[in-house]
Amino acid sequence: MFSRRSISGRSRVRPSRELLQQILREIDIRCFVDDDGDLGCRWENCRIYFLLTGPDRDVLRVQAVLDHRSDIEAKPWLLDLADDWNRSRLFVKAYTTVGDDGRVGLCAEHVFDFMVPIERHTLVYLVRWWVASLLKFSAWVGERV
């Protein structure tokens with residue numbers, strides 16, 4: 001249905017865990033694969049995960065999970081914080097999450113559907129941008145909690 005080659009003859013790609021690991025190494029970001037097989041990176045106040053989902057694993061979720069966790073009673077305040085971010089920014093969708101321990105935290109993510117492959121250099125650019133914007137969210141939250 002879609003060609004794996006662009007009009008210019010450059011090869012197009014869809015992200016895989018291996019390709020994302022390679023790109024992260026190229027841009028000097030250390031990464032790990034956790035016990036569930038998820039690719040992630042550690043930062044001072046968060047972890048960023050690269051999660052391939054969908055029936056063909058062609059939807060990429062790049063998700064920041066902030067280290068700060070609060071008692072469940074803080075959820076309304078954290079929801080307001082996420083809403084403030086979402087109202088004032090176009091990108092990085094922020095939301096709360098409740099862990100198995102009953103504590104509430106904040107996450108943010110980008111989601112991109114790679115049904116149509118893209119040029120590799122474009123994926124490198126997107127990875128840089130996604131990481132930078134997620135770290136910006138983490139810093140913004142850190143100034144408020």
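## Burial, core and contacts

Phe112 is partly exposed, at a relative accessible area of 31%. Buried here means under 20% relative accessible area, exposed means over 50%, and partly exposed lies in between, with a 1.4 Å probe and protein chains only.

The model is predicted: local features need pLDDT of at least 70, side-chain atom pairs count only at pLDDT 80 or more, and totals for chains, interfaces and linings use all residues. Residues are numbered from 1 along each chain as its sequence is written, and side-chain values use heavy atoms, with hydrogens and water left out.

**Overall layout**

The chain has three helices and eight strands. These are DSSP runs numbered from the N terminus: helices are H or I with at least four residues, strands are E with at least two. From the N terminus, the order is β-α-β-β-β-β-α-β-β-β-α. Along the principal axes, the C-alpha atoms fill a box of roughly 55 × 35 × 30 Å. Of the 145 residues, 41% count as buried.

A contact means heavy atoms within 4.5 Å. Take the contacts between residues at least 6 apart in sequence: 55% of them join residues at least 24 apart.

**Nonpolar cores**

In soluble globular proteins, nonpolar side chains tend to be buried together. A nonpolar core is a set of buried Ala, Val, Leu, Ile, Met, Phe, Trp, Tyr and Cys residues joined through side-chain atoms within 4.5 Å. The largest one has 38 residues, and Phe50, Leu123, Val127 and Phe137 have the most contacts inside it. At least two residues each come from helix H1 (17-26), strand E3 (39-42), strand E4 (46-53), strand E5 (59-70), helix H2 (75-88), E7 and helix H3 (120-142). H3 gives the largest share of this core, ten residues. A second, separate core has five residues, including Tyr49, Leu51, Val65 and Cys107.

What does Phe50 contact, leaving aside its neighbours within four places in sequence? The partners are Leu20, Leu24, Leu39, Cys41, Leu60, Arg61, Val62, Val127 and Val131.

**His110**

His110 sits in strand E7 (residues 104-113). Its side chain makes a polar contact of 2.6 Å with the side chain of Ser133. A polar contact is a pair of N or O atoms within 3.5 Å; within protein, one must be able to donate a hydrogen and the other to accept it, and residues adjacent in sequence count only if both atoms are side-chain atoms. Not counting residues up to four places away in sequence, His110 touches Leu60, Arg61, Val62, Phe91, Val92, Trp129, Trp130, Ser133 and Leu134.

**Aromatic rings**

Rings of Phe, Tyr and Trp (its six-membered ring) pair if their centres lie within 6.5 Å; planes under 30 degrees apart count as stacked, over 60 as edge-to-face and the rest as tilted. By this rule there are seven aromatic pairs. One of them joins Phe112 and Trp130: it is tilted, with 6.2 Å centre to centre and 50° between the planes. This pair links distant parts of the chain, with Phe112 in strand E7 and Trp130 in helix H3, 18 residues apart. Trp85, Phe137 and Trp140 form one aromatic cluster.

Arg42 lies over the face of Phe32, 4.8 Å from the ring centre. A charge sits over a ring if NZ of Lys or CZ of Arg is within 6 Å of the ring centre and within 35 degrees of the ring normal.

**Cysteines**

How many disulfides does a search of the whole structure find? The search finds zero. A disulfide is a pair of cysteine sulfur atoms within 2.5 Å. The sulfur closest to that of Cys31 belongs to Cys41, and at 5.5 Å it is too far for a bond. Cys107 is in no disulfide either; the nearest cysteine sulfur, in Cys46, is 10 Å away.

**Loops**

Two residues other than glycine have positive phi. Arg57, in the loop between E4 and E5, has phi near 50°. Val92, in the loop between H2 and strand E6 (93-98), has phi of about 75°. Asp28 is in the loop between H1 and strand E2 (32-33). Asp28 and Asp67 are 39 residues apart in sequence and 22 Å apart in space, C-alpha to C-alpha.

**Accessibility of selected residues**

| Residue | Relative accessible area | Class |
|---|---|---|
| Trp130 | 3% | buried |
| Cys107 | 4% | buried |
| Val92 | 5% | buried |
| His110 | 6% | buried |
| Cys31 | 26% | partly exposed |
| Asp28 | 72% | exposed |
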